[in-house]
Amino acid sequence: MQLICENLACVRGGRDVFAGLNFNLNSGEALVVTGRNGAGKSSLLRMIAGLIAMTAGKLTLKGGEADATPGEQAHYLGHLDALKPSLSVSENLAFWMGYFGGGVGIEPALDAVGLAPLASLPAAYLSAGQRRRLSIARLVAVPRPLWLLDEPTSALDQQSQLRLAELMRGHLDTGGMIVAAAHGPIGLDSPRELKLGRRGTELL
Amino acid sequence: MAVIDLANPTRFINFVNRALPWFAAATAIAFAFGLVLTMNAPDDYQQGATVKIMYIHVPTAWLSMMCWGVMSVAALGTLVWRHPLADVAGKAAAPIGTAFTFICLITGSLWGRPTWGTYWVWDARLTSMLVLFLLYLGMLALYWTAEDPGRGSRAAAILALVGAINIPIIKFSVEYWNTLHQPASLFRKGGSAIDPSILWPLLIMALAFTLLFFTLHFAAMRNEILRRRVRTMQMMQAQELAGAQT
Amino acid sequence: MSMFFAILVRDMRLSVRVGGGALMGALFFLIVVVMMPFAIGPDLNLLARIGPAILWLGALLATLLALDRLFATDYDDGSLDLLMMGRMPLELAVAAKAIAHWLTTGLPLVIIAPVLGLMLNVEMRAMGWVALTLLAGTPALTFIGLIGAALSVTLRRGGLLLAVLVLPLTIPVLIFGVAAANAAIVGPAPFGPPFTILCALSLASFVLGPFAAAAALRHGLE
C-alpha cells in the first residue's frame, strides 16, 4: 500500500499555506511533518483526512480500497478528543467502533492504553492525559491502514508516550502508515521527515 | 447529640438511618387518622363528595410553597456558609416540591371538572400554582444540566432566592390578571370561615403531608450524600490509576 | 445500517444523560403555551378557538430552539471531524442525528400536546386531531431546522441566527399544520387536503434536509 500526494496545495483564508507538495509513503513507513507554527502541518493532516478541500493536487491510496477515499481509510487524532463526558469510557469507545465498523473489541483496546480498569466510569472524570489515551484507543480498536496524528504526544506523560510509541511501531510492523505532525521526537526510531516552511518544503 | 452535630454529613446519615423508620411510621399513622376523618367529614351541599379532593389539594398547595421556603433557606446556607449539607438539602427538596405542586395541580383539575365543567380554568390560584410548577421544573432542569454538582448547587441556590422574591410578585400579578377568583378563605380576617368539622381533617391531613415531606426529604438527602460519595470515589479511582502508572 | 443505529443510539443516550436536553424542548413548549393566556386573557372560548394555533407556534419554537446545539456539541469536541471520516455517507449520519433529535425532542411535544390542549380548553376529541397534525408536521420542522443547525455551526454562531434562518422556511408547515387542525375541529373545509400536504412537506424535508445539511457541513468546515 502506498499513499501518494501529488502537487498538493492549500490556501486558507486567502493565504497560501503550502503549494507543490509531493511525497510518497509506503507501507510500514512513518512520516513526521515538522515546521514552525502556521506552516500548515495541521492543514496537511486535515487535508489527507478529507476534512478540508484540496486547493490543488491529488491524493491517492494505492492498494487501498477502490471505493473509499483516503480519509475513509484513515484515523485522525486531532487536538480534540471527540469524547462525550456523560458517556462512560467504554460507551465512548463502543460508539466509535460501531460507527467506523468492527474492530478488535473494547477490552483489548482499552487494555492497550491502560484504561481497562476505568471502563465503566463517565469520561467526565478522566484527566486530560487519560482522555487522550481513550482517544488513542480508537486507533487500536478499529484497524485502518493510515494514521494521521496531530501532536500525538501532547498531554501524555512519559509512560503513556512510550506506550504510544509501542502502538505506533506495532501499527507500522503490520504494514500500516503514519503521518504525524510534531515539534519534537514522537518516539519512532527513524521516521522520514517532511519540513514545511515558507520557502517551499523539503523532504528529508 | 446536639443539633449542630447533624451538620456533619456522616452524622447526618446515621441520624437519618435511625430516625427514618419513626418518621415513616408517624406519617403512616397521621395519614390513617386523617383519611378516616376525611371520610367522615360532611359532604358539601352543592359539590357533594367532590369537595373531599380539597383534603389533598390544599395541603399539597401549602407544602409546595413550604418546600420552596426550605429550598430558599438551604440556598442561603449554600451561598452564605457554603455548607455542603445545605447544597444537598436544596437539591433533595426540588423534586419533592415539584411532585407536590403536580399533585396539587392534578387534584385542582380533577375538582374543576365537576365544579366548573372543564378540567382547567385560568383561575388565579390554580394559575399561580402552575407558574410555581414551571419554576420547579426550571429548577430541576438546572440541576439536570449541571455536570458538576457544586457549581449546579450554587446556580440553583441563586435561582431559589430569586424565585422566593418573585413568587409573591407573580402571585399578585396573576391575581390582578384574573380578578375573578375566590378569596382565600382559611385564614381570613376575624378567624377561620371554615366549619371545625372540615377544619380538623384538613389540619390533620396537612400534618400528614408535612411528615411525608420530611420523611422523603431526609431519605432524599441521604441518597444524595451517598451519590456524591460514589462520584468522589469514582474520581479518586481515576486519579489513583493515573498515579499508579507514573 | 449498524453505523446509522450507532449514531441514533448514541445521540438518544446523550440526550437522556446529564446535560442532555431530552425533555427541555417539552418544558419550553409547556412554558410558551402557558404564557399565551397571560397575554391574551383567560377567556376560555377565545383560547379554544386559537388553541391549535398556539400549540403549533409553541411546537415550532420549541423544535427550533432545541436544534441549536445539534451539531455544535459535536463540533466543539471534535466528534464532527470523525463523523465525516466514516464509511457511511454524511447525509445518512446527519439524518440519524435528526431522527434521534426528533425522537427525544419532537415526539415528547406530540405526547404532551393533549395535556396542554386541555388547558387551552380545546375539546378532547379535537385534541386527537391536533396531536395527529403535530405528529405529521414536527418531523418537517426538525429536518428543516437541521439545515439551519448545520449552517449556524459552520459560521460558529448559534441561537437567534438559527431561528432567523429557519423560521421563514417553516411557514408552509405552520400554514398547513394549523389549517389541518382547524379543519378537523371547526371545519368547514375538509381535513384531508391540508393534512396530505403537511405529510408531503415532512417527506420532502426528510430528503432535502440531510442533503442540504451535509453539504453545509462539508463546505463550511475547515
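**Cavities in a predicted model**

Visitor: How much space lies in the largest cavity?

Guide: In this predicted model, about 80 Å³ of space lies in the largest cavity. Of the 13 residues that line this cavity, B:Met71, B:Gly90, B:Tyr143, B:Ala156 and B:Ala157 are the closest to its centre.

Visitor: Why is it called a cavity and not a pocket?

Guide: A cavity is a set of points where a 1.4 Å probe fits but cannot get out, whereas a pocket is an open set, and therefore the word cavity is used for a space that the probe cannot leave. By this rule, the count comes to two cavities of 30 Å³ or more.

Visitor: What makes up the lining of the largest cavity, by helix and by kind of residue?

Guide: In chain B, α2 (54-81), α3 (84-116), α4 (124-145) and α5 (149-177) each supply at least two residues of that lining. The residues of the lining divide into nine nonpolar, three polar and one charged.

Visitor: Which residues line the second largest cavity?

Guide: The second largest cavity, with a volume of about 30 Å³, is lined by A:Val113, A:Arg133, A:Ile136, A:Leu156, A:Ser160, A:Arg163, A:Leu164 and A:Leu167. Both α4 (128-141) and α5 (158-173) of chain A supply at least two residues of this lining, and α5(A) gives the most, with four residues.

Technical notes: Residues are numbered from 1 along each chain as its sequence is written. Chains are lettered from A and ligands numbered from 1 in the order in which they are written. This is a predicted model: local features need pLDDT of at least 70, side-chain atom pairs count only at pLDDT 80 or more; totals for chains, interfaces and linings use all residues. Side-chain values use heavy atoms; hydrogens and water are left out. On a 1 Å grid over the protein atoms alone, a cavity is a set of points where a 1.4 Å probe fits but cannot get out, and a pocket is an open set with protein on both sides within 12 Å along at least five of seven lines; lining residues have an atom within 4 Å of a point. Grid points are joined across faces, edges and corners, and a volume is the space filled by probe spheres set on the points. Ala, Val, Leu, Ile, Met, Phe, Trp, Tyr, Cys and Pro count as nonpolar, Asp, Glu, Lys and Arg as charged, and the others, Gly among them, as polar.
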